[in-house]
Amino acid sequence: MASHANNGCFGFGPYRLNPAARVLLRDNDLLTLGSRAFDMLVALVQSHGQVLSHRDLMDFAWPGLNVEASNIRVQMTHLRREIGCGENGNRYIVSVAGRGYSFVAPVIWEEASEPDRPSYAPLNYDHAPYGESSAATTASLPPRLSHPVGGDENLFKLSQMVAERRFVSVVGAGGAGKTTLAILVAHALPVFQQAYFVDLGIINDKAAVLGAIASALEIPPSACDAIGDIIGQLSSRRTLVILDNCEHVIDAVADIVGSLLARTANVHLLATSREAFRLPGEAVYLLRPLGVPPHTGHLTAAQALLWPAIQLFVERAIDSGYLEPLGDEEAATIAAICRRLDGNPLAIELVASRMGPYGLDRIAELLDNQFALRWRGSRYATSRHQTAEAMMDWSYALLSDMDQRVFRRLSVFSGEFSVDAVLAMMEDDGFEQADIIKSIGNLIDKSLLSVHPGTGPAHFKLSGIAKTYAAFKLLASGERAFIERRPPLYNVQAPQQYRASTVVSSDGGQAMQFQAF
């Protein structure tokens with residue numbers, strides 16, 4: 001296949017395709033393709049005029065995966081529709097009987113413009129792929145990361161916001177991929193002359209936040225005016241500062257952000273947090289979970305692999321040693337698991353990483369077990385991302401006593417619930433309704449509770465991992481027996497009954513297992 005340096009894009013018709021940045025533009029509009037369809041388009045455009053077989057395309061879009069040939073046809077249909085192939089006489093991709101597919105439209109290669117060209121227009125982003133940053137980064141900026149599954153649209157939209165707004169916060173649940181996305185953005189934007197990354201996850205003392213920022217900027221310790229030294233270094237050049245993992249020191253960070261915005265003109269701030277700062281001028285980017293297929297009945301393997309959550313699960317399962325083919329029955333089970341995990345990337349990776357030693361059926365059985373909360377991920381991950389339990393411990397510790405109590409008790413609802421249901425469940429505890437409602441709002445703000453979309457009265461839901469964690473916290477607190485003794489209340493589903501037993505894992509570990517009955 002033809003190859004080019006990662007500093008430009010392909011042009012065909014009204015489209016511009018940047019393989020490195022994984023961006024496809026039609027004129028000035030971003031087109032959102034699934035990761036497999038995008039990879040197939042790149043393969044075809046790079047080899048324009050040549051015929052690629054089904055095997056060629058499968059090796060490019062599903063490297064190392066054993067999937068059915070029907071996936072190629074499904075993705076090709078989707079791809080042709082998205083780029084308007086066959087509309088108004090436009091021919092881009094043609095089928096060659098018995099051989100495969102070929103890209104037949106004229107293709108040109110456009111070199112990137114000069115990196116210092118000042119532009120905030122969306123068209124400039126495809127000249128700064130995340131693999132080829134033109135920013136003058138410092139040692140504090142982590143190296144380029146591999147592109148996350150399903151992250152193309154997030155990368156493009158967040159890059160646009162950071163270039164146009166001076167303070168952007170990426171808000172989402174633990175394990176949603178906020179840090180990864182922020183690092184990709186830092187490497188993608190050419191409009192900044194320098195970029196700094198400050199990991200606040202290792203800071204426990206609010207007073208140490210300023211010192212952590214100064215250290216990332218390589219400013220010597222100062223007993224006089226640390227904020228003044230920081231402002232002095234940042235004010236001379238167009239700079240991006242990433243403040244990562246802010247939720248536990250959010251008040252201290254908010255004060256610093258306010259000072260930087262007020263006393264500098266060229267500094268842009270990108271913060272990641274499990275809750276928004278609620279500061280003037282803040283632009284919040286809500287990082288949603290990965291898309292999962294709805295529970296609508298029969299689901300084929302080809303249909304399942306169109307969804308980012310399924311793609312991530314399958315890739316991590318294969319990495320773990322699971323080499324069984326993905327059929328329709330397995331796809332339905334994996335889809336159910338990903339729905340149970342609410343599309344959370346970290347949770348999906350942790351669960352899928354046990355596919356090799358445990359198998360799909362056992363994974364599904366153990367999903368509501370303490371084992372699943374304690375399965376360990378990458379040894380290089382931060383401590384709060386080593387297990388799902390550690391991820392939840394981090395968020396739970398930041399809650400007030402009242403918020404913790406409400407959070408634990410929400411685990412008794414098997415699905416969605418209303419505010420009235422929560423008030424009814426807690427009416428005998430002596431709490432004011434206003435305090436209970438405030439706690440519900442706090443849990444939403446801290447990305448622990450989600451609002452179900454739709455019309456009519458608002459309903460809420462705990463994510464799968466959060467619900468499992470809250471249920472074990474309810475048991476440990478001794479409150480579950482008290483809840484179970486209550487008579488059924490209006491619009492409150494009776495708490496799930498469990499039978500406890502001790503289970504020993506294959507590696508000798510022990511945990512309590514709770515089976516519904």
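Helices here are DSSP runs of H or I with at least four residues, strands are runs of E with at least two, and both are numbered from the N terminus. With that in hand, take Lys467, which is found in helix α20.

Some ground rules. This is a predicted model, where local features need pLDDT of at least 70 and side-chain atom pairs count only at pLDDT 80 or more, while totals for chains, interfaces and linings use all residues. Residues are numbered from 1 along each chain as its sequence is written, and side-chain values use heavy atoms, with hydrogens and water left out.

Back to Lys467. Is Lys467 buried or exposed? Buried means under 20% relative accessible area, exposed means over 50%, and partly exposed is in between, using a 1.4 Å probe and protein chains only. Lys467 has 19% relative accessibility, so Lys467 counts as buried. What does Lys467 touch? Contact means heavy atoms within 4.5 Å. Leaving aside neighbours within four places in sequence, Lys467 contacts Ser411, Phe413, Ser414 and Leu462.

Now the whole chain. The protein chain has 21 helices and 18 strands. Of its 517 residues, 51% count as buried. Take contacts between residues at least 6 apart in sequence: 69% of them join residues at least 24 apart.

Next, helix α12. In α12, 7 of the 8 residues are buried, so α12 is mostly covered. Among the buried ones are Pro345, Leu346 and Ala347. The buried residues of α12 pack against α10, α11, α13, α14, α16 and α20.

Of its 39 lining residues, the closest to the centre are Ala173, Arg288, Pro289, Leu449 and Ser450. A pocket is an open set of points on a 1 Å grid over the protein atoms alone, where a 1.4 Å probe fits, with protein on both sides within 12 Å along at least five of seven lines; lining residues have an atom within 4 Å of a point.

Last, a helix pair. Helices α6 and α8 pack at an angle of about 55 degrees, with axes 9 Å apart. So α6 and α8 are oblique to each other. The contact uses Val209, Leu210 and Ile213 of α6, and Ala252, Val253 and Ile256 of α8.

Methods: Axes are lines fitted to C-alpha atoms, for helices over the stretch in contact, and angles run from 0 to 180 degrees between N-to-C directions. Angles under 35 degrees count as roughly parallel, over 145 as roughly antiparallel, 65 to 115 as roughly perpendicular and the rest as oblique.
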